[in-house]
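Please keep the sequence and the 3D view at hand while reading.

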Amino acid sequence: MTVPPTDRTAAPTKILLDESELPTHWYNVVADLPEPPPPPLHPGTHEPIGPEALAPLFPMALIQQEVTTERYVAIPQAVRDVYALWRPAPLYRAKRLEAHLDTPARIYFKYEGVSPAGSHKPNTAVPQAYYNAQEGVTRLATETGAGQWGSALAFATAQFGLQCEVWQVAASFQQKPYRASMMRTWGATVHSSPSELTEAGRAILASDPDSPGSLGIAISEAVEVAAGREDTKYALGSVLNHVLLHQTVIGEEALLQLAKVGETPDLIVGCTGGGSNFAGLFFPFLREKLAGNMEPRILAVEPAACPSFTKGEYRYDFGDVAGMTPLMKMHTLGHDFVPDPIHAGGLRYHGMSPLLSHMYELGMFEADAIDQIACFDAAVTFARTQGIVPAPEPTHAIAAAIREAEVCRETGEEKVILTALCGHGHFDMAAYDAYFAGKLRDFDYPADKVAEAMQRVPVVGA
Ligand SMILES: *Cc1c(COP(=O)(O)O)cnc(C)c1O
């Protein structure tokens, strides 16, 4: 059923799929790239590492997915059964926002806030918990920035009978106490990071007892615990290839949903912290673009206070602060750079997905950076028209979508804009309060701090 999309009243408000239309496969974009991404390197020797180097941290099934060049990976039935608790996720046409903006653009958003944890993160937490359980692991250690990933993994481990230990970045542990409550409800143990429980945490606290923490620090703590215990492995909620792979259920569903209303996107826009929800949304559309079936412009939006794509250097760096992870070639601000405590905690990461970084260098998408006050302006407009209160992270994509729709108002272009509303903001109301009280501020791009951190990035190939 295809309705004239310009007739806002007649067009459907939400486009739903049946449970039988839940994707059966994840899509691996690596199969369609003109050249493969550069390999991770051993931190000491700077030689490419083989899959076995990751074995202390990840189960073999995930390591295989990390390096596979197969175009499709089958989703295990046990994972699809858990996905079915909330997937397929709805695609909405933001008709009330469009009317408010008086734009001829048609704005669609894929809503991932319907998951139990309230974001896209369970799309990868569930298969990660599943594959660990399959290989006899009993405990997972992880970090969480905004609390979203910790919640997702706590939920997922509960589905497969695993224990879960989470290091939550101190700034968010204080701003969002109910995220930790939620994790505990699903059975996880939660620590504020930096903590006294690890060497990495103690080292940071010794130099800065009031450290607000960062994702890089929390990763060091979780990796240290996982590497030191036989029964424990580590789980990462973004950045890595297998995470981006799992998130492609977002884009596969959205592709099918837009096809049902006879639409193809002119602009696909997503927010990027480590890049997983953005990649999950656009990879299947990129496959169609490479096949000549559509021609969307693709745009990543990051915080102006932590702009890895737009201001970072593309070079080998560590994924964590302590320098325990392999070296990955990515857009980085320096592994010990601590971003200002913006409210979009999920976007406070010094690095970026190596796969997306490679694709950015190949010119396969664009990037932009937006300040947090402009993002909250957009969030409030969105909430007052569409009803859903967005998490601070996707407000970056919403702000960019609104800007584009406003340009369409001037030019009269009927562009189709697609974004992912990757999480709701029910645990972020303190951020909204700060915004309404005029206490939110924009942080200048910390050029000096970044330049200083970049001096400590290892020189590879020298
Ligand atoms: C974690 C998170 C992000 C950032 O991670 P990506 O891997 O870039 O998607 C963005 N939005 C929400 C709601 C998150 O939970």
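How many Å separate the centres of domain 1 and domain 2, taken over C-alpha atoms?

## Two domains

In this predicted model, the centres of domain 1 and domain 2, taken over C-alpha atoms, are separated by 21 Å. The domain assignment gives domain 1 as 14-26 + 87-118 + 244-454, while domain 2 is given as 27-48 + 55-72 + 120-241. The two domains also touch, with 61 residues of domain 1 in contact with 60 residues of domain 2.

## Where the ligand lies

Because domain 1 and domain 2 both give residues to the shell around the ligand, the ligand lies between them. The place where the ligand sits is the largest cavity.

## The shell around the ligand

The ligand is surrounded by 17 residues, of which Lys121, Ser238, Gly273, Ser276 and Asn277 are the closest. When the residues of this shell are divided by type, three are nonpolar, twelve are polar and two are charged.

## Contacts and cover

Several side chains bring an N or O atom to an oxygen atom of the ligand: for lysine 121 the distance is 2.7 Å, for serine 238 it is 2.5 Å, and for asparagine 277 it is 2.8 Å. On its own, the ligand has 390 Å² of accessible area, and the protein covers 97% of that area.

Technical notes. Residues are numbered from 1 along each chain as its sequence is written. This is a predicted model: local features need pLDDT of at least 70, side-chain atom pairs count only at pLDDT 80 or more; totals for chains, interfaces and linings use all residues. Side-chain values use heavy atoms; hydrogens and water are left out. A residue is near a molecule or strand if one of its heavy atoms lies within 4 Å of it. A polar contact is a pair of N or O atoms within 3.5 Å; within protein, one must be able to donate a hydrogen and the other to accept it, and residues adjacent in sequence count only if both atoms are side-chain atoms. Accessible areas come from the Shrake-Rupley method with a 1.4 Å probe; for residues, only the protein chains shown count as cover. On a 1 Å grid over the protein atoms alone, a cavity is a set of points where a 1.4 Å probe fits but cannot get out, and a pocket is an open set with protein on both sides within 12 Å along at least five of seven lines; lining residues have an atom within 4 Å of a point. A molecule sits in a cavity or pocket if more than half of its atoms lie within 2 Å of its grid points. Ala, Val, Leu, Ile, Met, Phe, Trp, Tyr, Cys and Pro count as nonpolar, Asp, Glu, Lys and Arg as charged, and the others, Gly among them, as polar. Domain bounds come from an automatic or database domain assignment. Contact means heavy atoms within 4.5 Å.
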